[in-house]
Amino acid sequence: MLSYFMNRKEKKIKLLLVNCEKVWNNIPHFGLMCLGSCIKEKYPFVDIKIIEDSKPLKKIIKYHPNIVGFTVDSVNYDFTKSIAKKVKQSIKTKIIIGGTHITGCPDSFDKVFDVGVIGEGEITLGEIIEAYKNDKKNNIKNSKIDGLVYFEKNKLIKTKPRKLIQNIDQLPIPSREFVPMEKKYLSRQLNLYGMKRLTGMMTSRGCPYHCLHCASNVQWGSVRFHSVEYIIKEIDYLIKNYDIDGLYFFDDFFTAPKARLIHLANEIKKRGWHKKIVFSGFGKADLIDEDVVKALKSMNVKRISFGFESFSSKMLNYLKANSVSVEQNIKAIDLCHKYGIGVSSGFIVTIPGETIEDLQATYQLLKKHPIENPNIYILIAYPGTKIWDYALEKGLVSKNMNVDNLFTEIPLKACFEFWKKDRFYFLEDRVFLNPEKRHDQKYLSMILKIKLLITWLNFKFYFKYVLLNPIYIYKVLKEKKSPALKILFFGKGKNNQKKK
Ligand code: B12
Ligand code: SF4
């Protein structure tokens, strides 16, 4: 009898899903939770564990899984490769890679991984596990599995593209049981708008727009929505299990479709959740009107994030392929403010062809229409995007480059260093997509002027919340060696300090 149970135990496959996280984050990785939940539902013989850690090596080796699955955005690719190499040297295991980077740039696939998963991962990962289980040598390189990339005798093989899951309501609710919600994620809160237990979720996959810089539709191809019933089930699960009081919708634009939003707002009100939970999420300005903002207000949305990118029409039209205008963006700010909803947005600089006048337009309009939580980023070419193709053509990027430097932040320290040393030190190791302006001091100082305005607006917004939350300050200081903080303040993460 004992040997029967031991044999059964031996047959369990240990699957470890890893995010070598770089950004200090209070939201667990959705992709990994989706994969874990799906595999748990369909393959009870698999033991699943998720690790999110910027130093995951010891934990991986100690756990000694049969299969390790890394999730990788471009900024994590080089670091993850180095971890995978050490894992291979230490234990016998199969290593899979999935996520946005390998989906956008399968040609950068490295031999340290056994296979790469391109695109949506739930079904592909299931088939990999079956292949592992059924093959005597646990071979997972299998031409019959769609959506794979791997090396076979030094030749890079890409199998047929994986078809998208059409009805995403079929997927189980991403289970947070695999991650330390209480100990790690829910305890990293800033008490913003009084929220102490904030988390996130997604109500759709993909975006129908085709902005030149964005990797969203590289990843998803087409857009699919969860039904209101599914969303309500997930919120209910989060309230019952984690007593959340804040919820961020990470969809590319959760305010659409309008009918779904209004239906959702009504269901939330019916349950009284608008009195308990502060909501926020992403919107697209061309889809915002008075009805939408009223629905947002009624369900207790306190802040909406947009991608305004630039207040120069020329730059905006270029990046967003004419899908939204500066006027629509300003109108969205005014409408949100009219209903007491805060606005946050990213602004992008170093766009090809951008002039000092374009930057001035952003500076002036932002001063005139201040928003609560703006951010500024340098333009980055992510694999698979149109900007990537442009940069490839100009010889600014390549599939074998060190993608660790594809970081968008302009560190605060740059503002001080620039005046001190008269140079833009943090840009030295970045891809600069507006090369003519790389050494134009006036252009660069205009960027810093916008950065300072943005820092000031954020300071005004966050000050009261930070003051209210000394525990948060303590935690940030405790984690001050974390890669995320280094990137925000100094422009270099722990993971990308060692250059090749
Ligand atoms: C939410 C989000 C965040 C959140 C992450 C929250 C969290 N913990 O998950 C935050 C705000 C922290 C964030 C940060 C950043 N993000 Co972000 N983010 C997103 C967003 C909006 C959704 C991602 C998501 O959850 N998707 C849903 C899940 C289900 O999909 P998924 O994770 O891709 O996983 C699926 C597949 O990829 C695959 N898969 C993924 N991993 C694996 C692993 C294995 C083993 C297998 C088999 C399959 C597999 O299967 C999964 C299920 O189908 C996307 C845009 C988008 N719409 O996709 C950008 C996006 C992923 N982010 C992006 C970027 C650039 C960043 C930052 C670098 C931004 C910065 N400030 O510099 C940081 C880097 C974070 C890091 N890796 O350290 C880019 C990535 C481009 C690229 N090529 O790398 C995207 C695509 C945005 C864009 N418009 O271009 N982000
Ligand atoms: S930038 Fe926003 S609107 Fe444009 S494609 Fe990406 S997610 Fe969609």
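A residue is taken to be near a molecule if its C-beta atom, placed from the backbone, lies within 6 Å of it. In this predicted model, that criterion gives ligand 2 a shell made up of Cys207, Tyr209, His210, Cys211, Cys214, Ser216, Asn217, Asp252, Lys284 and Gly307. Sorted by class, the shell around ligand 2 holds four nonpolar, four polar and two charged residues.

Turning to ligand 1, the shell numbers 40 residues, of which Gly31, Gly69, Thr71, Gly98 and Gly121 come nearest. Two or more residues each are given to this shell by helices H2 (30-42), H4 (74-90), H5 (100-104), H6 (122-134) and H8 (216-220), and likewise by strands S3 (67-71) and S4 (94-98). Helix H2 supplies the largest share, with four residues. The shell around ligand 1 divides into 17 nonpolar, 16 polar and seven charged residues. Both domain 1 (9-158) and domain 2 (189-499) take part, each contributing at least three residues to the shell around ligand 1.

Helix packing comes next. The axes of helix H14 (residues 356-368) and helix H17 (residues 441-467) come within 9 Å and cross at roughly 15°. Because angles under 35 degrees count as roughly parallel, H14 is described as roughly parallel to H17. The crossing of these two helices, H14 and H17, is left-handed. On the H14 side, the contact is made by Ile356, Leu359, Gln360, Thr362, Tyr363, Leu366 and Lys367, and H17 answers with Lys442, Tyr443, Met446, Ile447, Lys449, Ile450 and Leu453. By class, nine nonpolar, two polar and three charged residues make up the contact of H14 with H17.

How values were computed. Residues numbered from 1 in each chain as written. Chains lettered and ligands numbered in written order. Predicted model: local features only at pLDDT ≥ 70, side-chain atom pairs only at ≥ 80, totals over all residues. Nonpolar A, V, L, I, M, F, W, Y, C, P; charged D, E, K, R; others polar. Domains from an automatic or database assignment. Axes fitted to C-alpha atoms, helices over the stretch in contact; angles between N-to-C directions. Parallel < 35°, antiparallel > 145°, perpendicular 65-115°, else oblique. Left-handed = near helix turned anticlockwise from the far one by under 90°. Contact = placed C-beta atoms within 7 Å.
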